[in-house]
Structure formats: structure tokens, C-alpha cells
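Open the model in your viewer and keep the selection tool at hand. We will go from stop to stop, and at each one you will hear what to select and what is there.

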Amino acid sequence: MRPLSVTLDAVIVAVTDDVPRVLLVDRGTGRPALPSGPLDPDGDGTLTLGLRRLVAEQTGIEVTYVEQLYTFGDAGRSDVSDSRDLGIGYVALTSEATTTSGALWADAYALFPWEDHRDGFPAVISEVVAPALDRWVGASSSRRARRHIEFGVDVAWDPIRVLERYELLYEAGLVEEASGSESPRLGMALAGDHRRIVATALGRLRGKLTYRPVIFEVMPDVFTLTHLQTTVEAIVGIRLHKQNFRRVVDRGELVEPTGESTTATGGRPAELFRFRSDVVAQRPRPGFPLPRPKQM
């Protein structure tokens with residue numbers, strides 16, 4: 001019987017210059033990986049403390065906001081272990097910081113180029129994904145339905161379904177991590193099932209924005225409303241209508257003016273705001289509902 005090991009896997013997300021970034025490490029396996037490692041059953045008082053320890057050791061970063069995602073346990077999920085590897089995934093939000101040697105920040109959309117719709121419908125879907133999926137679908141009605149829901153050009157794009165889209169491409173053999181996958185191999189591959197863990201985290205973040213103000217975990221202490229909007233857009237991968245977005249911000253009462261302004265953005269001075277952290281105590285579900293995406 002193969003031994004069972006328990007690992008902790010961290011998806012650490014920051015947004016820098018309107019680019020959602022994920023922190024990766026080099027484990028010498030040929031593919032980048034998430035910061036991860038075994039739980040210390042004696043030294044780690046809690047799973048979260050164990051995760052914070054591993055992240056600090058491997059990247060030099062101390063994370064604050066941490067949320068458990070899911071438990072990953074498919075056979076063969078590890079590239080480096082002979083044991084049956086049970087992984088507990090976490091997502092952590094932070095501002096991008098300097099890392100130790102061997103750790104680097106990577107564009108999340110390098111992993112999932114089909115997820116960034118800020119400049120319109122991605123060409124990779126119509127030129128590569130759709131034709132490849134059509135060949136894979138064949139005469140299967142169930143495959144056709146999934147292809148239509150996840151990548152149909154005539155249906156509303158659901159930003160939250162990141163994991164479902166990745167798993168569809170995996171099953172179709174269109175990503176490198178899939179066993180026996182053939183060209184095209186879409187996006188940047190990660191070690192083991194780590195890209196699946198990132199897909200789970202990105203979908204969770206996109207969904208959670210609609211009912212929890214987690215976006216402020218990646219914002220500076222003070223910011224303009226334009227900066228707030230472009231940061232939200234970076235995470236959800238769509239452009240938002242400016243007036244509708246600001247109406248949502250005003251209605252949610254999640255920010256307050258600082259009385260100061262900045263000219264760093266060029267043009268007229270822009271008012272600076274800060275997050276109203278007390279709103280979390282005032283309402284049980286201080287949502288940040290997203291307005292309808294701006295039509296391209």
C-alpha cells in the first residue's frame with residue numbers, strides 16, 4: 001500500500017499594473033509550481049499556520065488574508081512524490097512584494113489566456129479553442145452541450161466558470177498536463193495539478209467579489225476609483241461600465257473619501273478613497289455586486 005502524504009498548496013494572488021499575478025516557485029521539475037509542501041504534524045498548530053510557514057520559507061513573503069479552497073486528491077497529482085498525495089489548497093491575497101530567489105510572479109492569464117476578455121473576445125478561443133473542441137466533440141451530445149456552455153460565442157460568458165473551462169480543455173487533451181495531450185497545448189503549464197488549483201482559486205475570487213469585499217486585500221491603503229475599477233476588471237477579466245461601477249460603489253458604501261487627491265494619473269486631480277472596513281461589521285454580507293459587463 002502506498003503511503004499517504006498531506007501537502008498544503010498556496011495560490012498567492014496580487015494585482016500589479018492591472019495584471020493579476022500568481023506567485024510561483026521553481027522546484028526543478030521542468031514546470032513552475034505553487035508554493036507547497038508537507039504539513040508538519042508536530043510543529044504546525046493549524047493548517048493555516050503550516051501554510052504561512054511554507055509560504056514564508058519558500059518565497060520570503062508573509063501573507064495575511066488566507067482562505068481554504070478545496071482538497072485535491074486525484075491519483076498521480078504529484079510530479080515528485082511516490083506516495084498518494086492529498087493536497088489542501090488555499091488562496092491568499094496580498095500586494096506584490098519582493099520574493100526570495102527561485103520565486104517569481106507570473107501573469108495569471110499566461111496560464112488561462114482564454115479568460116481575459118478586457119479587450120474583447122479572445123482570439124485564442126475562436127482561432128484555436130473552438131476548432132479543437134469541435135473536433136473533440138464529434139457526435140457526443142453531452143460534450144457538445146458542455147462546449148456550448150463554456151465556450152459558445154452566442155451565450156453569455158460566465159467569468160466564474162474558470163475551473164469548468166479548464167477541466168473541459170483538460171479532458172479534450174488541449175493542455176500540457178493532460179496525459180497524452182497533443183497540440184495545441186494551451187496556456188502555461190504548471191507542475192502536477194497546480195494549474196487546476198489556480199483555476200479553482202480564480203473562479204472562487206471572481207464569485208466572492210459579488211458578496212464579500214475581498215478586492216481590498218490587494219488594494220493600497222488609498223486609491224482612486226479608477227484604480228479600484230481596473231483592479232476589479234483585472235480579476236474578473238471583463239471591462240465594466242464606468243458610471244454603473246461607481247453607482248455600485250456608492251450604493252454599497254464600501255469606500256469613503258480621504259479628503260485628498262492625486263495628480264499621478266495625469267490630467268485633472270483624482271479624488272483618493274479608502275476602504276470602510278467597519279462595513280463588514282455593519283452588514284452580514286457586505287456585497288460588491290458587479291454591474292453588467294460593458295459591451296465591446
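## First stop: helix α6

Select α6, which is mostly covered: 14 of its 15 residues are buried, where buried means under 20% relative accessible area, exposed over 50% and partly exposed in between (1.4 Å probe, protein chains only). Helices (H or I, at least four residues) and strands (E, at least two) are DSSP runs, numbered from the N terminus. From its first C-alpha to its last, α6 reaches 21 Å, close to the 21 Å expected at 1.5 Å a residue; the expected span is 1.5 Å times one less than the number of residues.

Before moving on, please note that this is a predicted model, in which local features need pLDDT of at least 70 and side-chain atom pairs count only at pLDDT 80 or more, while totals for chains, interfaces and linings use all residues. Residues are numbered from 1 along each chain as its sequence is written, and side-chain values use heavy atoms, with hydrogens and water left out.

Zoom out for a moment to see the whole chain. The chain has nine helices and nine strands, and buried residues make up 48% of its 296 residues. Among contacts between residues at least 6 apart in sequence, 63% join residues at least 24 apart; contact means heavy atoms within 4.5 Å.

Two packed helices are described by the angle between their axes and the distance between the axes. The axes are lines fitted to C-alpha atoms, for helices over the stretch in contact, and angles run from 0 to 180 degrees between N-to-C directions. Angles under 35 degrees count as roughly parallel, over 145 as roughly antiparallel, 65 to 115 as roughly perpendicular and the rest as oblique.

Show side chains here. On the α5 side the contact is made by Val162, Leu163, Arg165, Tyr166 and Glu167, and on the α6 side by Arg195, Arg196, Ala199, Thr200, Leu202, Gly203 and Arg206. Colour them by class and you have five nonpolar, two polar and five charged residues. Ala, Val, Leu, Ile, Met, Phe, Trp, Tyr, Cys and Pro count as nonpolar, Asp, Glu, Lys and Arg as charged, and the others, Gly among them, as polar.

After α3 comes Gly138, with a positive phi near 55°.

Go to the loop between β1 (4-16) and β2 (19-26), the place of Asp17. Asp17 has a positive phi of about 50° although it is not a glycine, and at 72% relative accessibility it counts as exposed. Asp18, found in that loop between β1 and β2, has a positive phi of about 65° and is partly exposed, at 33%.

From Asp18, draw a distance to Thr230: the two are 212 residues apart in sequence and 6.1 Å apart in space, C-alpha to C-alpha. Thr230 is in helix α7 and is buried, with a relative accessible area of 17%.

Now select α7 (residues 225-236) with α8 (residues 242-252), which pack at about 100° with their axes 11 Å apart. The two helices are therefore roughly perpendicular to each other. Leu225, Thr226, Leu228, Gln229 and Val232 in α7 meet Lys242, Phe245, Arg246 and Val249 in α8.

## Last stop: Leu34 and Ser36

Is Leu34 buried or exposed? At 0% relative accessibility, Leu34 counts as buried; look for it in the loop between β3 (32-33) and β4 (36-38). Beyond its neighbours within four places in sequence, Leu34 is in contact with residues including Ala10, Leu23, His194 and Ile197.

Finish on Ser36 in strand β4, buried at 9% relative accessibility. Leaving aside neighbours within four places in sequence, Ser36 is in contact with Leu8, Asp9, Arg27, Leu54, Gln58 and His194.
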